[in-house]
Amino acid sequence: GYRVEPVYSSDGQGYRYARNFTLAFLGIPEVVLRDDPLDIAANDVFLGLDLSPEVVPAERLYYQALRQRGVRVFFVVYDLLCIQTPQRFSTELVNAFHNWLEVVLESDGALCISKAVADELADWVKDNAPLRDRPCQINWFHLGSDIENSAPTKGLPPDANTVLSALHARLTFTMVGTLEPRKAHVQVLEAFEALWRTGIDVNLAIVGKQGWMVEPLTARLRKHPELGKRLYWLDAISDEYLQEVYASSTCLIAASCAEGFGLPLIEAARQKLPVVARDIAVFREVAGDHAFYFSGTSSQSLAEALREWLRLNAEGLAPSSEGIRWLTWAESTGCLLRLLLAEAETAEEPASQQSI
């Protein structure tokens, strides 16, 4: 029941309809159309769906003008990692995130992707945000996970069958996510090196592209003696290939020190894949009692936890992920819309709100 029309930010001068871009994108013969400013009216809703640290601060005055005209302005907040652990990000990104968050907290609401993030934001606001004349609501909802019903990328590399067969051949633990400091890839790799030294014959599959501040790690992976034997780094693979990797794995490892949600836990649960996760609030929120949790930052502590999980798994006692509740993207979107339309109290999906 909605018409979707692309728009764009015009260098801090508000948003315009992207009509000429749309015509070219659709292959329609050139027609002279104006990229007019958006038509807006009281009770409209503006949603900043993605983190746009350059655009949003540039349009700060525009959002204020929208609110003065009766438009409600909301932004989705995925995490607060840049301000919680600034040492794991570049100075430029940390500063840009602060500027973005200032604008978000001037709006009518921040829609967080988990209760954990909503709680973290509320705590941060108490100590850092200025007092407001008009309340800003902090709400939360959960993301969807049915990749097949979104816009999955396709394609398998030439060696896919060889890799998948190798993953099938022995117990395989899989990590999914961009290689960056908070994901704790170094701790996981060193834990598996400890397992291999003691004769435990298992695979470690790392799925994710190279991110930032991980050059020593990626150099180590590329030269690792187990690479292609019991260690696999699958860089920037398609959704289709990822589904096959999940199906070929024994267990998911979610070792992140901090997350906004933890979508791989849901993706693993949909494949009935057991989960070994770091004991952090958001993973408890997503997985509840349906994951095996570990703590500690040393490779030795993780190696011991993995040995315990292997023992439990061999005895059929490892926690099953089948009880993890997950939403489709349609359900997630429905919850988001109800929050935007101020009907969260009637939502069937999890949602909550608090004022700041």
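Visitor: Which hand does the β-α-β unit of β8, α9 and β9 have?

Guide: This is a predicted model, in which local features need pLDDT of at least 70, side-chain atom pairs count only at pLDDT 80 or more, and totals for chains, interfaces and linings use all residues. Residues are numbered from 1 along each chain as its sequence is written, and side-chain values use heavy atoms, without hydrogens and water. Helices (H or I, at least four residues) and strands (E, at least two) are DSSP runs numbered from the N terminus; a crossover is right-handed if, with the strands pointing away from the viewer, the path from the first strand over the helix to the second runs clockwise. The unit of β8, helix α9 (residues 215–222) and β9 is right-handed.

Visitor: Which residue of β9 is the bridge partner of Val207?

Guide: Two strands pair if DSSP finds at least two bridges between them. Four bridges join β8 to the parallel strand β9 (residues 231–234). In β9, the partner of Val207 is Leu234.

Visitor: Which residue of β8 is the bridge partner of Met175?

Guide: Strand β7 (residues 172–176) pairs with β8 in the parallel sense over five bridges. The partner of Met175 in β8 is Ile206.

Visitor: How many residues of β8 are buried?

Guide: Buried means under 20% relative accessible area, exposed over 50%, partly exposed in between (1.4 Å probe, protein chains only). One side of β8 has Asn203, Ala205 and Val207, the other Leu204 and Ile206, and both faces are covered. In strand β8 (residues 203–207), the number of buried residues is five of five.
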